[in-house]
Amino acid sequence: MADLQLDILEKLDKDGEIKSSLQTFPNINPQVILSALNSLKAHGKVDYSKHDKIRYSLTKEGEEIVAKGSHEIRLLHLVEKFGKLQIKEVMTQMGADGKVGQARAFKNGWISKNKENELTLSEKISSSSDVADETKDLLLKVKDDKLDGIDDKVLNDLKKRKLVAPIKETSFNIVKGSDFSTDLTKPETDLTAEMVSTGSYKDLKFKPYNFNSEGIIPESGALHPLSKIREEFRQIFFSMGFTEMPSNQYVETGFWNFDTLYVPQQHPARDLQDTFYIKDPAQSDLPEDKEYIENIKAVHEDGKYESIGYRYNWKPVESQKLVLRTHTTAISAAMLKELAKDPKPVRLFSIDRVFRNEAVDATHLAEFHQVEGVLADFNITLGDLIQFMESFFAKMGVTGLRFKPTYNPYTEPSMEIFSWHEGLGKWVEIGNSGMFRPEMLEPMGLPKDLRVLGWGLSLERPTMIKYGVQNIRELLGHKVSLDFIENNPAARLDEDLYD
Amino acid sequence: MPTVSVNKQELFDLLGKNYETKEFDELCFEFGIELDEDTTEEALKLNEEPQLKIEIGANRYDLLCIEGIAQALNEFLGRNEAPVYKLSEPTTKLIIDKSVEQVRSYAAAAILRNITFTPENYQSFIALQDKLHSNLCRNRTLVAIGTHDLDTVEGPFHYRGIPPKDIKFVPLNQTREFRGDELIEFYKQPEQKNNIGRFVHIIEDSPVYPVISDAKGTVCSLPPLINSEHSKISLNTKNVLIECTATDKTKLDIVINQMVAMFSRYCENEFVIEPLEIVSEFNNQSRTTPNCASKMMSVSVDYINSCLGLKQEPSDICKCLSKMALQASPDSKDHGAIQVAIPITRPDILHPCDIMEDAAIGYGYNKLPKGEKLSNANFVAAPLPINRVSDIFRIASSQASWLEVLPLTLCSHDENFKYLRVEDDGTKAVKLANPKTLEYQVVRTSLLPGLLKTVKENRKHSLPIKVFETGDVVFKNAELERKAFNERHWGAVYVGKTSGFEIIQGLLGKIMQTFRTPWISDFGKSSSTRGYWIEQDESQATFFPGRGAKVMFRQKEGQPAKQIGYLGVIHPEVMNNFDVPFAGSYVELNAEVFL
């Protein structure tokens, strides 16, 4: 192969052009020539054009005719020799060829048949020297590739008689390429370990790399986009000194999910429409701390701790209903109750699942994640909460907050947190916050001056806004696309996507 | 949060200003309600009057109608003072019979004299009753309101429990007389299902139904279902009797107070209400209703200032509160306190913290001085230990080229049991009482259903599909206060043209190596150190026979080994149950053993 390439280049160097590869390299298969040319062309050494031609070669039978004469002329000679020839003798003398010769000799009007079934020379000719062997002459011309003047019909007739066979001949016209040289060193596509260890790379040429390409993407695993955002939030909490709460408790009691948070027993949030109740197990216990239960009952029923209360009959049976927690605040309440044993400033957070018995649509799922922060400190103010929220959200690149009064059953004051969203061109609610009500904290035994700030947001909403996800089901749950998970970039809450 | 629809022009007339949308939005924002929608554009096309849809706090029953919203905003803007509600002398009585005790114990009533209805305020009067019924009254279970043309009936009025068959009257919007039991059947018909039919259950099973009737025995209403046609009010009604019946006394007072507070403004004597004497001897609830007196609450000035980070004088705080319908003055007895009068419109105020919040809103949340007290310096953060273990699982699995997915925790009973070829013996799974769909019947006890559902949805993804989850499953436990507990699990599935069992086995090895737990050959016998091995286990019907195994773990030298999970080739029936037309293998571990 390399030899042929070199031969081509040297011939070109000498002659300037190879008009027909078939003539120059008659014994080399055109496919071999083509592959040598392609390789040379890829390196700019040559250019070529391809030419196809049909040639005819003689079959074995054709060659025999050229050597011995056509069947008809041989039959004629036979008849001439014997004067008269029994037809049955034709086969004996000439085999199968005799029959063909007999038919064509009749057709040419060279012989005739008498009553005794004997062949004789026809009246038209007296000797075989009177006729020409046209078939042989034709075949000779074909053999010498002198096809000019031979009718296609005649050629086709020869083909039909299986005397000639067509051959496709491919020939190349070769000229010098833009990078013509007789040097055959092939550039390397890649550096190999061998080149490095032997030092051979120093003498090698390297093929230019096509940088206008993407490369080969590695096969890899991936974390879920939502859990990546969750991790961003966790890191923000950690950076501000928050400890993660044991939020791994989905089943809650009405007591912890509602009563402790000062949500009265007829509150709409406790409706079957909004909350998943549990039928098995059927009923919960109440906490062992009887004083706490009495305090809760008192503050709901008649009021206590300066509160006038909701003034209704508080029923333990409502508290003992089991639910899937509707918020992680149920866990915060249990943590704050623990804090009452040794009241001191604390910072707690959780990011975990909550459950709502809602109709599922593009923005609502029965399950989602709540991000919740709880901060307890002595005599802190609403201004501290505002400042803290600004620091918290600034860590994810959200600044210029506004605070709107709102209502939550267990915080007072309550503030919705809004930020200007450049992409949507409007103020959007990004979270909810407040100071926990004394009716929630004091029954636990926490001192009055230990104030507790709480705030929360959903994990899905900022993720959907950030990454333009329109349908929450494409983010959480089994309908998420694995391609989305595989191709999702790193989550960086502080990254501004609207620049 | 309830949404109230009000006529835009009417509201702006009441506020004395035609607001630009943005400016009105701003006003709502500072006050703490939300302009949800302005229908101006749509209304222009339909040739209707533009409405504003305003979202209000769920505890502000005084904002459920245009009268209340305008009044509150006018006070907030300083344009108006809070009205003072006055009672005239009662002229009649409502006598409550002990017989109501078994069905609906409480009642209250009031009269609005010489009221002038217009089409607008009449509609608002009806709409407020609807809003109260669906919100505070919890669909009439707690309280039901009836309104009557006083001039068609005659006091004293009676509230009694009467056997259904003894009740006869023409109900509102009907042309014939019904007996009590007939009426119940009538409202149980399908066409009433979304109307009065919704309330039938409240009294249906009671031996007596509650009835309000007048001195002559004319039925006024059958609460909580329907008023009588006889006493119905119209635009021309001059004197209105409002009666409320209830199972909850506190809410009864709130409801009747809201009704009279909102509509006494249309009486000839503005904000004057005629009360009724309620005679309710059987339960010692005799009194005069409504009680329009403000409640007094003394609140410490220091408390408010300390919570808000302000140093306001008592008089400044009083000014802020007056914007929120609260008349306050420095306490004459206690120098450091203010006396706050809480009007009947503000039953949401339960505690001084509610006054403190109103002082903040009156001052302006966004004008409050920002605190500088909180420093991050004194707090040491810590992750929840199980979440740290989870993170190790998650990172190792993704590094091993698995994709993390987050399926839901809730699933159908079949997905958690039958589809996995597992019998429910009733000891493990928590079951929901009121799911809206079959998708949510149980809390999962295995991560496999969610993983296979995810694979099903991604069947067109290139094979093999390798996904994992680190998440919580929930088990029942009768010993616990909450009767159930979460357990953190890790599960990984391989789905492809072949089962890939060895690959899943290898992933398990990789994970165990990450947790410093070597494989021990000869099923744990070749060494007595910490380590793991797997043993064939035919007890898991989820796996193909002969291809299921349990994962055994010895935590420390000398400790007994325990099962911490299982792995195997997923049974073809399981794959088919989840519509996954491939072969697969699965491993699941209890992550908590690595705590």
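The model is predicted: local features need pLDDT of at least 70, side-chain atom pairs count only at pLDDT 80 or more, and totals for chains, interfaces and linings use all residues. Residues are numbered from 1 along each chain as its sequence is written, while chains are lettered from A and ligands numbered from 1 in the order in which they are written.

The contact between the chains was examined at the start. It takes 80 residues from chain A and 84 residues from chain B. Two residues are in contact if their C-beta atoms, placed from the backbone, lie within 7 Å. On the side of chain A that touches chain B, helix 16 (residues 382-394) of chain A supplies the largest share, six residues. Helices (H or I, at least four residues) and strands (E, at least two) are DSSP runs, numbered from the N terminus. That side of chain A holds 37 nonpolar, 22 polar and 21 charged residues. Here Ala, Val, Leu, Ile, Met, Phe, Trp, Tyr, Cys and Pro count as nonpolar, Asp, Glu, Lys and Arg as charged, and the others, Gly among them, as polar.

Strands also pair across the two chains. Strand 9 (residues 278-280) of chain A runs antiparallel to strand 22 (residues 431-432) of chain B, with two bridges. Two strands pair if DSSP finds at least two bridges between them. A:Ile278 has B:Leu432, in strand 22 of chain B, as its bridge partner.

Chain B is divided into domain 1 (3-76), domain 2 (86-289), domain 3 (295-366) and domain 4 (385-594). These bounds come from an automatic or database domain assignment. The centres of domain 1 and domain 2 of chain B, taken over C-alpha atoms, are 30 Å apart. Eight residues of domain 1 of chain B are in contact with 12 residues of domain 2 of chain B. Helix 4 (residues 66-76) of chain B gives the most to the domain 1 side, with three residues. That side divides into four nonpolar, one polar and three charged residues.

UniProt annotations cover parts of both chains. In chain A, UniProt places "domain: Aminoacyl-transfer RNA synthetases class-II family profile" (unreviewed entry) at residues 227-489. Over residues 227-489, chain A is 29% helix and 26% strand, with end C-alpha atoms 12 Å apart. In chain B, UniProt lists "domain: B5" (unreviewed entry) at residues 292-370. Over residues 292-370, chain B is 37% helix and 20% strand, and the end C-alpha atoms are 39 Å apart. UniProt positions are given in the numbering used here, feature names are shortened, and annotations may be inferred rather than shown by experiment.

The nonpolar cores come next. In soluble globular proteins, nonpolar side chains tend to be buried together. A nonpolar core is a set of buried Ala, Val, Leu, Ile, Met, Phe, Trp, Tyr and Cys residues joined through C-beta atoms within 7 Å. A residue is buried if 20 or more other C-beta atoms lie within 10 Å of its own, exposed if 12 or fewer, and partly exposed in between; C-beta atoms are placed from the backbone. The largest core has 253 residues, and B:Cys244 and B:Val255 have the most contacts inside it. Helix 7 (residues 249-263) of chain B gives the most to this core, nine residues. Leaving aside neighbours within four places in sequence, B:Val255 is in contact with B:Leu132, B:Leu136, B:Cys137, B:Val143, B:Ile145 and B:Cys244. Another core lies apart from the largest one and has 12 residues, including A:Leu9, A:Ile18, A:Ala36 and A:Leu40.

A:Leu76 lies in helix 5 (residues 71-82) of chain A. A:Leu76 is buried because 28 other C-beta atoms lie within 10 Å. Beyond its neighbours within four places in sequence, A:Leu76 is in contact with A:Ala105, A:Trp110, A:Ile111, A:Ser128 and A:Val131.

Chain A also has open sheets. One has three strands in the order 3-5-4, with antiparallel pairing. Strand 3 (85-86) and strand 4 (111-113) of chain A stand at the edges with a single partner strand each, so one side of each is left without a neighbour in the sheet. Three bridges join strand 4 of chain A to strand 5 (residues 118-121) of chain A. Within this pair, A:Lys113 has A:Leu119 as its bridge partner.
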